[in-house]
Amino acid sequence: MYQINEIFETIQGEASFTGTPSIFVRLQGCPVGCSWCDTKQTWDAKDSYVVSLTQTVEKKSDSEHWAKADAEDILTLFQTRGYRAKHVVITGGEPCLFDLNPLCELLHQHGYSTQIETSGTFEIKAPAQTWVTVSPKINMRGGYEVLASAMKRANEIKHPVAMQKHVDELEALFKATGVHPRLVYLQPISQKAKATKLAIDTCIKKNWRLSVQVHKYLGIN
């Protein structure tokens, strides 16, 4: 069973799939403890906040309410809601707390592509054709290390930055894990001017890419 915080259809606003119509499946639960996390409502899975799966779709604002659902339940919801997007983004929370193979395999069988957005601090259990975005959470208060196996599995790295030390930490992680990904995106935290300039300058210097959270500029989920 998966713990679902919310499910919604929108446009992917980050990294390689920017502009792609997508169904987001946000899972509940995350022990990593990122200080700038914008989905802190997903951290804890309290039994007192369990609701129906339908209620996770009908949320009007962020909340800690979550539902229990298996892969078939999730697919059925997509179909009954009439979602048109064929790309599914599984995020959180930390989605890799769960075995994502059953969900991704079922979705693939029904013509969907899948993408996982993960901190890289837990083993990634997903099919080979699932696109993996690792946003490595380095030295967070939860105390979890970014796994070399997650870095090697990543199709792209998406790294939030606010100051030079965040760039330095990423380069140190590449060195420590022996992984030098082909696709590296820097994402300015909160789109602040200083962070954005740092990201742009670093991307030009290192031939990396910029991710600017287009959905926030558009004012959509």
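**Reading a predicted structure, feature by feature**

Visitor: How many salt bridges does the count come to?

Guide: The count comes to seven salt bridges. The rule asks for a side-chain nitrogen of Lys or Arg within 4 Å of a carboxyl oxygen of Asp or Glu. Keep in mind that this is a predicted model.

Visitor: Let's look at a pair. Which side chain meets that of Glu-58 in a salt bridge?

Guide: That of Arg-81, at 3.8 Å from N to O. The two come from distant parts of the chain, 23 residues apart: Glu-58 is in the loop between helix H1 (53–57) and E3, while Arg-81 belongs to helix H2. Glu-58 is partly exposed at 43% relative accessibility, and Arg-81 is partly exposed too, at 40%.

Visitor: And Glu-117 and Lys-158, what do their side chains do?

Guide: They meet in a salt bridge as well, at 3.7 Å from N to O. Here the partners are 41 residues apart, with Glu-117 in strand E5 (residues 113–118) and Lys-158 in strand E7. To read burial, remember that buried means under 20% relative accessible area. Glu-117 has 13%, so it counts as buried, and Lys-158 has 7%, so it is buried as well.

Visitor: How far apart in helix H6 are Asp-201 and Lys-197?

Guide: They're four residues apart, which means about one helical turn separates them. Their side chains form a salt bridge of 2.7 Å, N to O. Asp-201 is partly exposed at 38% relative accessibility, whereas Lys-197 is exposed at 53%.

Visitor: In which sense do E1 and E2 pair, parallel or antiparallel?

Guide: Antiparallel, over seven bridges. You can find Phe-8 opposite Phe-24 in E2. On to the next pair: E2 and E4 are parallel, over five bridges, and Ser-22 stands opposite His-87 in E4.

Visitor: How many residues of E2 are buried?

Guide: Six of its seven, so E2 is largely enclosed by the rest of the structure. E5 is largely enclosed too, because five of its six residues are buried.

Visitor: What about E6 and E7, in which sense do they pair?

Guide: Strand E6 (residues 131–134) and strand E7 (residues 156–161) run parallel, over two bridges. Thr-133 is the residue opposite Glu-156 in E7.

Visitor: Which residues form a nonpolar patch on the surface?

Guide: Ile-200, Ile-204 and Leu-210, with about 270 Å² of accessible area together. Ile-204 lies in helix H6 (residues 193–206) and is exposed, at 65% relative accessible area.

Visitor: How do I read the backbone angles?

Guide: Start from the general rule: most residues other than glycine have a negative phi, and most peptide bonds are trans. Ala-15 isn't a glycine, yet its phi is positive, about 55°. Ala-15 is in the loop between E1 and E2 and is buried, at 7% relative accessible area. Asn-139 also has a positive phi, near 55°. Look for Asn-139 in the loop between E6 and helix H4 (148–153), where it is exposed at 65%.

Visitor: Which peptide bond is cis?

Guide: The one from Gly-92 to Gly-93, with omega near 10°. Gly-93 sits in the loop between E4 and helix H3 (101–109).

Terms used
Residues are numbered from 1 along each chain as its sequence is written. This is a predicted model: local features need pLDDT of at least 70, side-chain atom pairs count only at pLDDT 80 or more; totals for chains, interfaces and linings use all residues. Side-chain values use heavy atoms; hydrogens and water are left out. Two strands pair if DSSP finds at least two bridges between them. Buried means under 20% relative accessible area, exposed over 50%, partly exposed in between (1.4 Å probe, protein chains only). Patches are made of residues with over 30% relative accessible area and no salt bridge: like charges are joined within 9 Å, nonpolar side chains (Val, Leu, Ile, Met, Phe, Trp, Tyr) within 5 Å. Accessible areas come from the Shrake-Rupley method with a 1.4 Å probe; for residues, only the protein chains shown count as cover.
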